[in-house]
Amino acid sequence: MARLLITGGAGFIGSHTALVLLEAGHELVVLDNYANSSPEALRRVLELAGPEAEGRLQVIEGDIRRSTDLDRAFAAGASPGAGVEAVIHFAGLKAVGESVAEPLRYWDVNVNGSQRLLAAMRAHGCRTVVFSSSATLYGYPEAVPIPESAPIRPINPYGHTKAAVEKMLSDVAASEAGWRIACLRYFNPVGAHPSGRIGEDPNGIPNNLFPFISQVAVGRREQVQVFGGDWPTSDGSGVRDYIHVMDLAEGHLAALNTLLAGGDQLLQLNLGSGHGHSVLEVIEAFGRACGRSIPHQITQRRSGDAAITVADPSEAKRQLGWQTRRNLHDICQDGWRWQHSNPGGYAT
Ligand code: NAD
Ligand code: WQD
């Protein structure tokens, strides 16, 4: 059992990972400013984790850019005396379009925030960190499936911030002994916990396909716009590697175990399924899960999109002993359970 600091732990991926980590017996301190989440998510995480988790989750409302908040988080914990052994760093901003309009805010939260966090880690004698990176680093991939050795060529400010933090982490790893770092490059995280109690709850109009489809299915929006029907794919719509958020959460536990079991490390790993699904396939699969067809219309391509992005996840399997276990059917069943039992997200 370790004491862990989870930044951004109230968010979509953070809340599912917090549950998996509590179930694995860890003690958690979550630091979140609720910029894009609700405290209700963590209340539900505790409810799902049950009485065994009692006293093992402490929540601090605060900002990763503020050193006093970071100091509070490193000093907090369920059992006084032992320090934070590792950090799982989810906190950040993630909307590609918004990052184009507000690059300085993205550099501040994602890059400056990560720099502050790493400085606080050093000050508190913690040198183990799992970082939320992204397949967005690969930009327009030359070939699919994409291995970690593919060129890092992000094409928007959000992607630039993720590349900058990966660079910062590799500089830190090279600067002194003792660092154990995993940069996990997520592909397209979707779905929800099978209970339907926690899930993705985007603010406003969803930017991403999966929450958009589920909001159409529940009647919050009229129809899905399919961005392009003329891509060089089997049915003309874009292909992505959708990964169930519970598989992703388990990937974090596997990365943490690998870091804690070894010496100095700098891992840079894809977390994906290795399987691609088109937009039209996802719409069809979601329709089967919810028992009604999802209205959709093929429109123009969205600027900045690639035709196909699919992970080569073989390194994660080799280095972490982890691979996805859930398929598109599970993703849609679980995503629908969350959406129809919480039509307005955590607010309902
Ligand atoms: P999310 O927005 O649901 O979660 C991020 C959390 O960080 C939120 O709870 C938010 O309130 C918190 N936060 C934001 N700024 C903060 C700050 N300054 N201080 C403290 N907390 C702050 O997003 P998510 O989908 O759970 O993503 C988590 C991480 O994974 C992000 O770093 C994101 O860039 C990365 N990622 C996400 C995806 C995806 O498609 N969801 C894909 C690849 C990588
Ligand atoms: C998936 C597919 C769209 C919406 C983004 C970020 C990436 C990562 C994951 C954080 C594409 C199509 C979408 C819609 C559509 N996030 N689409 N209609 O763009 O693969 O990746 O989220 O790191 O950085 O860029 O995900 O869900 O937006 O799109 O047809 O209303 O669905 O064109 O083919 P994307 P997405």
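Biologist: Which polar backbone atom is 2.9 Å from an oxygen atom of ligand 1?
Modeller: One from alanine 35. Keep in mind that this is a predicted model.

Biologist: Which side chains have an N or O atom at such a distance from a ligand 1 oxygen?
Modeller: Asparagine 36 has a side-chain N or O atom 2.7 Å from an oxygen of ligand 1. Lysine 162 has one at 2.9 Å from a ligand oxygen.

Biologist: How much of ligand 1 does the protein cover?
Modeller: 95% of the 820 Å² of accessible area that the ligand has on its own.

Biologist: Who sits around ligand 1, and which residues come nearest?
Modeller: There are 27 residues around ligand 1. Ile13, Asp32, Asn36, Ser37 and Tyr158 come nearest. By type, the shell divides into 12 nonpolar, 10 polar and 5 charged.

Biologist: Which elements supply at least two residues of that shell?
Modeller: Helix H1 (12-23), strand S5 (128-134) and helix H6 (157-175) each do. The largest share, 3 residues, comes from S5.

Biologist: On to ligand 2. Which residues are closest there?
Modeller: Ser134, Tyr158, Gln225, Arg240 and Asp305, out of 18 that surround ligand 2.

Biologist: What polar side-chain atoms lie by the oxygens of ligand 2?
Modeller: Aspartate 305 has one 2.5 Å from an oxygen of ligand 2. Serine 134 has one at 2.7 Å from a ligand oxygen. For asparagine 188, a side-chain N or O atom is 3.0 Å from an oxygen of ligand 2.

Biologist: And what share of ligand 2 gets buried?
Modeller: The protein buries 87% of the 680 Å² that ligand 2 exposes when taken alone.

Biologist: What is the make-up of the shell around ligand 2?
Modeller: 8 nonpolar, 7 polar and 3 charged residues. Strand S8 (residues 224-227) gives the largest share, 3 residues.

Biologist: Change of topic. How many salt bridges are there?
Modeller: The count comes to 24. In general, side chains of opposite charge can pair when their charged atoms come close.

Biologist: What does aspartate 108 meet in a salt bridge?
Modeller: Arginine 65, at 2.8 Å from N to O. The pair links distant parts of the chain, 43 residues apart. Aspartate 108 is in helix H5 (residues 103-123). Arginine 65 is in the loop between strand S3 (57-61) and helix H3 (67-75).

Biologist: How accessible is each of those two?
Modeller: Both fall between the 20% and 50% cut-offs, so they count as partly exposed. Aspartate 108 has a relative accessible area of 27%, and arginine 65 has 25%.

Biologist: Which salt bridges does arginine 105 form?
Modeller: One is with glutamate 98, where the closest N and O atoms are 3.3 Å apart. Another is with glutamate 102, at 2.9 Å. Arginine 105 is partly exposed, at 34% relative accessible area. Glutamate 98 is partly exposed too, at 32%, as is glutamate 102, at 33%.

Biologist: Which residues do salt bridges with shared partners join into one network?
Modeller: Asp247, Glu250, Arg325 and Arg326.

Biologist: Last one, helix H8. What is its reach?
Modeller: H8 (residues 245-261) has 17 residues and reaches 24 Å from first C-alpha to last. That is close to the 24 Å expected at 1.5 Å a residue.

Biologist: Why call H8 largely enclosed by the rest of the structure?
Modeller: Because 13 of its 17 residues are buried.

How values were computed
Residues are numbered from 1 along each chain as its sequence is written. Chains are lettered from A and ligands numbered from 1 in the order in which they are written. This is a predicted model: local features need pLDDT of at least 70, side-chain atom pairs count only at pLDDT 80 or more; totals for chains, interfaces and linings use all residues. Side-chain values use heavy atoms; hydrogens and water are left out. Helices (H or I, at least four residues) and strands (E, at least two) are DSSP runs, numbered from the N terminus. The expected span of a helix is 1.5 Å times one less than its number of residues. Buried means under 20% relative accessible area, exposed over 50%, partly exposed in between (1.4 Å probe, protein chains only). A residue is near a molecule or strand if one of its heavy atoms lies within 4 Å of it. A polar contact is a pair of N or O atoms within 3.5 Å; within protein, one must be able to donate a hydrogen and the other to accept it, and residues adjacent in sequence count only if both atoms are side-chain atoms. Accessible areas come from the Shrake-Rupley method with a 1.4 Å probe; for residues, only the protein chains shown count as cover. Ala, Val, Leu, Ile, Met, Phe, Trp, Tyr, Cys and Pro count as nonpolar, Asp, Glu, Lys and Arg as charged, and the others, Gly among them, as polar. A salt bridge is a side-chain nitrogen of Lys or Arg within 4 Å of a carboxyl oxygen of Asp or Glu.
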